[in-house]
Structures are given as C-alpha cells and as structure tokens.
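Subject: Handing over a structure, with notes

Dear colleague,

I am passing on to you the structure we spoke of, and I would be glad if you could look through it alongside the notes in this message. Please open it first and then read on.

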Amino acid sequence: MAKKNLTVGLIGYQFMGKAHSSAYRQVNRFFDLPLQVRMKTICGRTESKVSEAAETLGWEGYALNYHDVLADPEIDVIDIATPGNMHCEIAIAAAEAGKIVWCEKPIGNTLDEAERMHAAIQKAGVLNGVYHNYRKAPAVALAKQMIDDGTLGEIHHMRAVYLQDWITDPNFPLVWRLQKSVAGSGTHGDLTSHLIDLGRYLVGDFEEVSGLLHTFVNERPLLDDSQGGLGEAGSAVGGTKGKVDVDDASMFIGRFKCGALASFEATRFAQGRKNHGKFEINGSKGSVVFCLERLNELEYYDASDPSSCQGVKLIQATDASHPYAGNYWPVGHIIGYEHTFVNWVADAVQAVHDGGPISPNFEDGLKNQIVLDAVERSAATRSWVSI
Ligand SMILES: NC(=O)c1ccc[n+]([C@@H]2O[C@H](COP(=O)([O-])OP(=O)(O)OC[C@H]3O[C@@H](n4cnc5c(N)ncnc54)[C@H](O)[C@@H]3O)[C@@H](O)[C@H]2O)c1
C-alpha cells in the first residue's frame, strides 16, 4: 500500500535549500519510514533562479512569495532556509497557518525573535524542528550514547572550536552574513550556535558564561545591489565600502549545570581552517574527540585500559550498530556532510508520524539563543552572565 505523503514547502534555494532538498530526495531511499516525503513547492524571489532550482533540486513546482506556500492546503511542512532576518516572520505565519515548521539555525536573529517564534508554535500547537544537523552525524550520536550510558563517567570538560578562514581577505565583500540587519550576528550565530547545540545535546544546559566578540575588519567592499545586496552567487563587488556590524570571532568560557567546564571558540579568521568544527569531551573514565572534517570518526580514550596499552583509539562510526550507520553502506563505507541532513529529516519524519516531539526543536532553538544572547551581553559588559 502506498505510504501517506508528508508534503513539504521549502523557502530558500541556495546552500541550505540544496542541502535540505538533497535530504528530502534521499530520505525514503535509505530509511524505512512510515511517511513518504513529497517535494511540492520551493520558494524564492527571483523567478529565473527559483524555477531552475525547482528543476535541478527535484521540486514539483515553485513560488515567488512564501504566503502562497502557506496558503496551499496540501502542504504539511514549511521549511525555512532563508537568512535569519526572515525566519521569525515566516515561522510565526506558518505556525498560525497550522503548518509543521522546520527552521534553520539559529532560529531567530535576536532572543526576542526566538521567544516570539517559540510562543507562536506553542500557541498553535504545531510540531517544530530546528536544523542542528551536526547532532545527527553517527559519530556525534555515538558520543551522546557513551556519555548517557556512563562510559565517559562524570564529565569535566567540553572544549569546542569552529574554525573557518573565508573572510581573512579584507577585500572579501560585505555579503549578508556580515550584515547585522540580515544575519543578526556574525560568527556567533552562524558557528557558535552549532557548538552551543552540541554542548547542550552532549553535556547539558549551561549555568553561566563569560564571552568575547571581536571584529577584525570593520569595513568591506559593497556588493552590486542587483542581487539585493545579499551576496548571492554572481553578485559583483563595487568600489565603495560599507560597515561590518557583526563579529568576526566569538569566544566564551562557561560552566554547565552539571558542573563541567566549557571553552568554546568560533572564528572566520583561522587561516588554513575551512570547516573545522571540533570538540573534545573529557570525563572521569575517558575522553572523546570529534571533528566535522573527519565526520565518520570518533576518537576515544578509555582510562580503564591497562597502562601498558593505553592510548587514543579511532572508532569509525560506520558499523551497523552505530546510530544511523546501518541505513547506509556496509561497514567502512563512509558517509558525508549531506547525510547529516538526511538523518535529521529521517528523525523528523518519524517524529511527525509518532506525534512528536521532533529533536532538536524550537525549545532547543530558544535555549540556544538564550546562551548566544548571554554571551553577547557578557562581551558588552565584560562580566559573567547567568543563564
Ligand atoms: N545547518 C547548517 O549547517 C547551516 C549551514 C549554513 C547555513 N545555515 C543557515 O541556513 C540559513 C540560510 O543560509 P544559507 O547558507 O542557505 O543562505 P544562502 O544565501 O545560500 O540562501 C538563502 C536563500 O534564502 C532566499 N531568500 C532570502 N530572503 C527570502 C525571502 N524573503 N523569500 C524567499 N526566499 C528568500 C535566497 O534567495 C536564498 O535562496 C541561515 O539561517 C543559516 O544560518 C545552516
């Protein structure tokens, strides 16, 4: 018997639009799910581009205004993959329209937006999810299992970095990610939000933080406004410069409620580092290390090994016994970045069928934003902030 459809409308067709579309195309091919994802409508503002995206990415049709997607009674899920300045407006309207809402991270550009989004989904009683996809890497989910089952013992430290280098050139243009009005913040909301989510997922909620935000390059060449000045592919760089009003680097130390200590750093100025999202967690019985650039692997140190053969071992999280891995290839046949999104969607589709909740969801998004906001306030006041 044909499965019931879960029909999706996706807002945004570039980086995350492509990643989410890939996941929707693949999820029912790798996972045995109770619902079939139907890719009905993709939405963007430029007809030539969104129509091409619809065809390339596998959507039945396209729309130029997200309100038209919300008005479609066949659509169950609204997926928001736009820059942050549109998340709040679209999410609240989608919740009010009774849709399931899946949103990219961070859910809002400010804490106030995140609170309003969270209130809207609660009031409407709709299922909701936030695309913190790194939780869904098999090696990260394995680390979570090892922490939850006590393998690592009492957790003492989480040390996390997210290092990139794509704006070290001062002539790199003022794309939307460097504009507060569009992105909300710079490295902080973009990269530190991922680290905070991993921290909350693996170790638990934060108790207090002390942060530092810094901007190395304060003005950059403006883009040709023919693309709306948002730095879409093909935008030309003009001669004049505009102010960078977001952070280039974001760091904080903190304490988790469980007593563990946190040291988190994210930057777009780490020459040589491309997408180096890495964490190390030290517990009383052992340690684990994960790096996104080698996402199939989890380093593990077991302190109970005899001293003669102690050392860090490398677990390749591709065995059928590892989370998600059994849905893909025989052991040793690795998966990639895009599969973290497939795994996210698989979990979300199952949760929708089961009546929820989806994990992570807007409550996680709000708690993440509370930490982001606390770090910003701490940096501004040069003081510790309680969560
Ligand atoms: N989960 C992750 O690992 C990850 C990675 C990158 C980006 N993100 C998040 O995804 C979101 C989008 O980032 P991106 O890298 O895909 O950006 P992008 O610039 O590549 O794409 C943004 C898309 O939004 C569309 N858009 C903008 N305003 C719109 C509107 N009013 N109506 C309809 N469409 C509109 C643009 O046309 C474009 O297609 C951001 O919140 C970002 O933080 C998450």
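Predicted model: local features only at pLDDT ≥ 70, side-chain atom pairs only at ≥ 80, totals over all residues.

The protein is divided into two parts, domain 1, which covers 4-133, and domain 2, which covers 136-386. Between the C-alpha centres of domain 1 and domain 2 there is a distance of 22 Å, and the contact takes 39 residues from domain 1 and 40 residues from domain 2. On the side of domain 1 that touches domain 2, the elements that give two or more residues are H1, strand E2 (35-43), strand E5 (100-103), helix H5 (111-124) and strand E6 (128-130). Of these, H1 gives the most, with eight residues. Sorted by class, that side of domain 1 holds 23 nonpolar, 14 polar and two charged residues.

The ligand is the next place to look. There are 21 residues around the ligand, and those that come nearest are Gly12, Gln14, Phe15, Met16 and Glu104. Helix H1 (residues 15-30) gives the most to this shell, with three residues, and H1 also gives the most to the side of domain 1 that touches domain 2. The shell around the ligand divides by class into 10 nonpolar, seven polar and four charged residues.

The crossing in which H1 passes H9 is right-handed. On the H1 side, the residues that meet H9 are Ala19, His20, Ser22, Ala23, Tyr24, Gln26, Val27 and Phe30, while on the H9 side they are Glu338, Phe341, Val342, Trp344, Val345, Ala346 and Val349. Taken by class, the contact of H1 with H9 is made up of 11 nonpolar, three polar and one charged residues.

The axes of helix H6 (residues 138-148) and helix H8 (residues 187-202) come within 10 Å and cross at roughly 35 degrees. Here Val140, Ala143, Lys144 and Ile147 of H6 make the contact with Leu198, Tyr201 and Leu202 of H8, and the classes are six nonpolar, no polar and one charged.

Helix H4 (residues 87-96) has a set of buried residues, which are His87, Cys88, Ile90, Ala91, Ala94 and Ala95. These buried residues of H4 pack against strand E1 (4-11), helix H3 (66-70), strand E4 (77-80), E5 and H5. After H4 comes glycine 98, and its phi is positive, near 80 degrees.

Some single residues deserve a look at their backbone, given that most residues other than glycine have a negative phi, and most peptide bonds are trans. Tyrosine 324, although not a glycine, has a positive phi of about 70 degrees, and it is found in the loop between strand E16 (312-316) and H9. Tyrosine 324 counts as buried because it has 24 C-beta neighbours inside 10 Å. Arginine 382 is also a residue other than glycine with a positive phi, here near 50 degrees, and its place is in the loop between H10 and strand E17 (385-386). Arginine 382, with 9 other C-beta atoms within 10 Å, is exposed.

The loop between H9 and helix H10 (362-381) contains proline 357, and a cis peptide bond joins this proline to glycine 356, with omega about -5 degrees. Proline 360 lies in the loop between H9 and H10 as well, and it is joined to serine 359 by a cis peptide bond whose omega is about 0 degrees.

Lastly, arginine 45 is found in the loop between E2 and helix H2 (47-57). Arginine 45 counts as partly exposed because it has 14 C-beta neighbours inside 10 Å. From arginine 45 to isoleucine 11 the distance is 9.6 Å, C-alpha to C-alpha, although the two are 34 residues apart in sequence.

With best wishes

Definitions and conventions. Residues numbered from 1 in each chain as written. Near = placed C-beta within 6 Å. Helix = DSSP H or I, 4+ residues; strand = E, 2+ residues; numbered from the N terminus. Nonpolar A, V, L, I, M, F, W, Y, C, P; charged D, E, K, R; others polar. Domains from an automatic or database assignment. Contact = placed C-beta atoms within 7 Å. Buried ≥ 20, exposed ≤ 12 C-beta atoms within 10 Å, placed from the backbone. Left-handed = near helix turned anticlockwise from the far one by under 90°. Axes fitted to C-alpha atoms, helices over the stretch in contact; angles between N-to-C directions.
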